[in-house]
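Please look over the sequence and the structure shown here, and then read the briefing below, which is grouped by topic.

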Amino acid sequence: MLLEPLGIYGWKKRDENLVLASLLTGDPLLLIGNHGCAKTHIANKIAQALAKPFLAYDASKAMFEDVLGYPNVEKLQKGIVEYVPSPVTVWDKEIILIDELNRAIPELQSKWLELIRSRKIMGFETKVKWVWSAMNPMSYAGAQALDEALIGRFALFLYPPDILQMDESDRIRVTTHINGDDAPSLNEWSLKQDIKTVFQVEVLKTGIKIQDILTKAAEYFYQLRSEMSALSEFLAKFACLVLKESKEEITLDGRRMGFIYRNILANRSVEMAQRDILGLSIPTLAESAKYVVQSSIPIGLNEASVNREETLHTIDVCFDLLSQYFDENSQIWKVDLIYELFTTPDLIRKAQILLTEELGDLVHSKAWNDLADREEHITLLAYTALQAETECPGIIPKELLDKLSRKIDPKDLSTESFKSLKNESIEWLDEIENLIQQRSGLERLIAIQRVEALVKNGIVTQSDIEETKQRIEGDLRTYQILIQNARKASSAKEAAA
């Protein structure tokens, strides 16, 4: 593990890589965890390793003049705005940590917005290149809800491990670790060597490794940006799909989409650089990108009641449905069909895709489940699907057959709409009734759907009847083709098996 020489133990490699990805791009990082999980420590040690000027601000009590300094009175008399720097002002710092972010009242939170996003204060440029922040979980007493605009400034959200989440060997190393503020007075009473367990020479060696990796990763970043042309298309579809699947609870704006795009490229670049320099194996691109996406979407940072596991599950499902975008020899047309299947409001089109395309068990099972769980009636679709299943067994997952059967409402096989006919339109009653005199239940069902639309307003003309007749005939042809295609698809699947 690259960060262990800095006294940072128990981290998963994929989280280390995201730390490096944040260093590569400079996009802001937010660390969320309980007290004592070394959130401040990691920022401090990385700054030491890279030999960058660093300061940690306590957002719960840092005042504006702490960050800016006091105005230079002599310059103000000349109409020039300038601030007198001090050891705690931000102007000469390159890495900063905004600690205790959600213990700050909203007025103090808001003053960090400009610095986090643009590295400026009051419009003035600073030398800051990396902005990290740290907060406790919302369950902590005294925690303040974070403003949406503030959350939106962060590109990555990492959860440092608590000691009980670590392996036993890492727990032992954390327990015996002495560094920084630990045991500050021992050297006052003893002439023995420094008792610290992390030495500056190791910190600097690690810093050199990190710089080498980031330099190589920067080359890969530009290379991958041109090679991964489908990434933007994936994200455009993913944003719409996750919005729909989360019932509009997960909304990805333009800034968030940009963060995810850069995070995926940066993380993969870091992995490839470590493969070249350290000889490490790397995960598949899909595995890598999936964890980046999970870590790039804020969940439950200003609402304690949000079910993080449930939200992550929704994100995972949406990613898995579109994950072929990350396969080298993927069939993008098939992924596009999957996307259309889950986003189109057209039930006929859903049926066409489900009954005629082989998109994998996960896709078919979820799609049929979604349809069976719809609150509105889907009698026509269910009837069609079950007829196709009768002719070509195996189209619908067995565990869903009964569930789908219950979606057929007998009331939909008859119509009460004739009662809405008004005035002269009543004389067309016989011709309208003839429209629904079809041979099979499916054909009758199709006709009834059209007839109900025809008589909806109570006024009907001869031309309306002729137009409805043509539409019924068109629908019948569509569904006949649908059943035939389902039959062909089933035969092809059996032949392949």
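In this predicted model, Leu347, Lys350, Leu354 and Leu355 of helix α16 are in contact with His364, Ala367, Trp368 and Leu371 of helix α17.

**Helices α16 and α17**
- Helix α16 covers residues 347-356 and helix α17 covers residues 361-372, and the two pack with their axes 11 Å apart at an angle of about 150°.
- Because an angle over 145 degrees counts as roughly antiparallel, α16 and α17 are described as roughly antiparallel to each other.
- Where α16 passes α17, the crossing is left-handed.

**Helices α1 and α12**
- Helix α12, which spans residues 254-278, packs with α1 at an angle of about 110°, and the axes of the two helices are 8 Å apart.
- The angle between α1 and α12 therefore makes them roughly perpendicular to each other, and their crossing is right-handed.
- On the α1 side, the residues that make this contact include Lys13, Asn17, Leu20 and Leu24, while those on the α12 side include Arg262, Ala266, Val270 and Gln274.

**Salt bridges**
- Side chains of opposite charge can pair when their charged atoms come close.
- Across the whole structure, a search finds 23 salt bridges.

**A nonpolar surface patch**
- Phe64, Leu76, Val81, Met122 and Phe124 form a nonpolar patch on the surface, and together they have about 430 Å² of accessible area.

Notes. Residues numbered from 1 in each chain as written. Predicted model: local features only at pLDDT ≥ 70, side-chain atom pairs only at ≥ 80, totals over all residues. Heavy atoms only, no water. Patch = residues over 30% accessible without salt bridge, like charges linked within 9 Å, V, L, I, M, F, W, Y side chains within 5 Å. Areas by Shrake-Rupley, 256 points an atom, 1.4 Å probe, with all protein chains shown as cover. Salt bridge = Lys/Arg side-chain N within 4 Å of Asp/Glu carboxyl O. Axes fitted to C-alpha atoms, helices over the stretch in contact; angles between N-to-C directions. Helix = DSSP H or I, 4+ residues; strand = E, 2+ residues; numbered from the N terminus. Parallel < 35°, antiparallel > 145°, perpendicular 65-115°, else oblique. Left-handed = near helix turned anticlockwise from the far one by under 90°. Contact = heavy atoms within 4.5 Å.
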